[in-house]
Amino acid sequence: MLLKIVQVGHPVLRRVGKTLTKREILSPRIQQLIELMRETMRDAPGVGLAAPQVGESLQLTVIEDDAGRREGAAGKRLPFRVIINPKVEVIDSAAVMGLEGCLSVAGFSAQVPRARAVRVQALDHRGRPVKIEARGWQARVLQHEIDHLFGRLYIDRMDPRTFTTNENLSRHLAEASVGELEHELRLGKR
Ligand code: ZN
């Protein structure tokens, strides 16, 4: 069974999610929600899905990037994880631009600045404390998903002039990547 993913404009996407106690996390309702969120994320497909995106105003998100399953994502693998009640600490605040899309803003993408590295303290699917340190792509996915739990979307942070339909993105991708490369060369990142 798949859950319905709500689209931008639905008020649940703008609410701060409710935190969960260990007892609530272990309840059949939340355990089933986690399973359904995993299935829904894999089916979409997406690299993350937050509870508000399926209409549940809770501080719960799942992430996974299976490079073997998704073509062209080499080196970006992210194991399946459940993240509950997260607290994010920026450990490298250098802003890195990168392309993001969102299952709740279907059909669009934009360049979004994110902190290069973060440390996340949260609870896992059994309510146990976990600490995750992530850089680059993984740090971006974590920041995007955790934003959802606080009522924020990538469109709040994007460079609005890069906002594009995915159709136009693929049409102009070759052009864009040359532009990005030149930009990075100018910044001396390569
Ligand atoms: Zn999203």
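With 34% relative accessibility, F163 counts as partly exposed, a class that falls between buried (under 20% relative accessible area) and exposed (over 50%), using a 1.4 Å probe and protein chains only. The model is predicted, so local features need pLDDT of at least 70 and side-chain atom pairs count only at pLDDT 80 or more, while totals for chains, interfaces and linings use all residues. Residues are numbered from 1 along each chain as its sequence is written, and side-chain values use heavy atoms, with hydrogens and water left out.

F163 belongs to an aromatic pair. Rings of Phe, Tyr and Trp (its six-membered ring) are paired if their centres lie within 6.5 Å; planes under 30 degrees apart are stacked, those over 60 edge-to-face, and the rest tilted. The count by this rule is one aromatic pair. Its members, F108 and F163, are stacked because their ring centres are 5.0 Å apart and their planes meet at 10°. F108 lies in strand β4 (residues 108-123) and F163 in the loop between α3 and β6 (164-165), so the pair ties together parts that are 55 residues apart in sequence. Helices (H or I, at least four residues) and strands (E, at least two) are DSSP runs, numbered from the N terminus. F108, at 30% relative accessibility, is also partly exposed.

Strand β4 holds Q111 as well. Q111 is buried, with a relative accessible area of 14%, and a polar atom of its side chain lies 3.3 Å from the backbone nitrogen of G98.

Turning to the metal site, the zinc ion is coordinated by C102 (SG), H144 (NE2) and H148 (NE2) at 2.1 to 2.3 Å. Donors here are N, O and S atoms within 2.8 Å of the metal (3.2 Å for Na, K and Ca); water is not among the atoms, so sites may look incomplete. The donor residues follow the spacing C-x41-H-x3-H. C102 lies in the loop between β3 (78-101) and β4, and H144 in helix α3, so this pair ties together parts that are 42 residues apart in sequence. Both C102 and H144 are buried.

Helix α3 (residues 136-149) also contains L149, which counts as buried because its relative accessibility is 0%. Where contact means heavy atoms within 4.5 Å, and residues up to four places away in sequence are not counted, L149 touches R15, V16, G17, A50, A51, P52, L58, Q59, L60, T61 and P86. One of these, A50, is 99 residues from L149 along the chain, yet their C-alpha atoms are separated by 6.9 Å.

Methods. A polar contact is a pair of N or O atoms within 3.5 Å; within protein, one must be able to donate a hydrogen and the other to accept it, and residues adjacent in sequence count only if both atoms are side-chain atoms.
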